[in-house]
Amino acid sequence: MAVKIEKKIKGYAVVTPEDKAKESAKSEAAARKVEELPSADVIQMHERIERPEILIGSTYKIKSPLFEHALYVTINDIVLNAGTEHELRRPFEIFINSKNMDHFQWIVALTRIMSAVFRKGGDVTFLVDEMKAVFDPRGGYFKPGGVYMPSLVAEMGAIVEDHLKSIGMMHDPDMSDAQRALIAEKRAAYEQRSKKNSDVSPAAAVVVADSGHEDIEVTGEGVSFPPSATLCHKCSAKALVIMDGCATCLNCGYSKCG
């Protein structure tokens, strides 16, 4: 059968039967290699997965000054690939319970939507950033430890973040040794300055003692910060103090002067 070539021929090559045999041999070898690879029996999360009879869960308490009664957030996890080296825990559903029924409607809606996202599977960590970015127009509040929460939804997001970290879905960013050394140096310098200021006359010492009745907040790491510290916009901790005329955070090392 003759084939008419309408374009200009710039080059050509002759395909011999030996070339065809080599190509078929290569494709067969690649297929055998794929078949020989070990396959793992991994079960992926899917929206049609059935709820097991028993789920592992954790309950977190929220005591907000915005409510008279505490909120109890329960997150239940499903175990995937149980008994194998690929065993994983993934969030499956969330419930919020409280004596306070003022916001029952939107709390039920929020938990149902979050549970649907959990059951959908995949990367659900985006919920943390979305929830922590919600601000209450009436203003936020400080948790014990001096951490500022812009809203109740933001604190729920912080709880989801803590839970995802506990099951290995999220990880804290590693702090470099230089940054740790800088924070330790700043804390030591502030403590040294505080000791120098305390070595004053007896009359002034009474004033210092009288002005120190505030409770010093303690963070989760057991580090205490001065009562006069202000909020750091970078780590949301009440650990920002003035050192050498510059605002410096004793929690994350942030400095306004760079």
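What share of the 258 residues in the chain is buried? Buried residues make up 29% of them. Buried here means under 20% relative accessible area, exposed means over 50%, and partly exposed lies in between (1.4 Å probe, protein chains only).

## Model and layout

This is a predicted model, in which local features need pLDDT of at least 70, side-chain atom pairs count only at pLDDT 80 or more, and totals for chains, interfaces and linings use all residues. Residues are numbered from 1 along each chain as its sequence is written, and side-chain values use heavy atoms, with hydrogens and water left out.

The chain has six helices and eight strands. Both are DSSP runs numbered from the N terminus: helices are H or I with at least four residues, strands are E with at least two. The order from the N terminus is α-β-β-β-α-α-β-β-α-α-α-β-β-β. Take the contacts (heavy atoms within 4.5 Å) between residues at least 6 apart in sequence: 47% join residues at least 24 apart.

## Helix 2 against helix 4

Helix 2 (residues 104–120) packs on helix 4 (residues 152–166) at an angle of about 30°. Their axes are 13 Å apart. Axes are lines fitted to C-alpha atoms, for helices over the stretch in contact, and angles run from 0 to 180 degrees between N-to-C directions. Angles under 35 degrees count as roughly parallel, over 145 as roughly antiparallel, 65 to 115 as roughly perpendicular and the rest as oblique. Helix 2 and helix 4 are therefore roughly parallel to each other.

From helix 2, Trp106, Leu110, Met114 and Phe118 meet Leu152, Val153, Met156 and Val160 of helix 4. Eight residues of this contact are nonpolar, none polar and none charged. Ala, Val, Leu, Ile, Met, Phe, Trp, Tyr, Cys and Pro count as nonpolar, Asp, Glu, Lys and Arg as charged, and the others, Gly among them, as polar.

## The nonpolar cores

A nonpolar core is a set of buried Ala, Val, Leu, Ile, Met, Phe, Trp, Tyr and Cys residues joined through side-chain atoms within 4.5 Å. The largest has 27 residues, and Met156 and Val160 have the most contacts inside it. Strand 2 (71–80), strand 3 (88–97), helix 2, helix 3 (126–132) and helix 4 each supply at least two of its residues. Helix 4 gives the largest share, seven residues.

## An exposed histidine

His171 sits in the loop between helix 4 and helix 5 (177–198). Its relative accessibility is 65%, so His171 counts as exposed.
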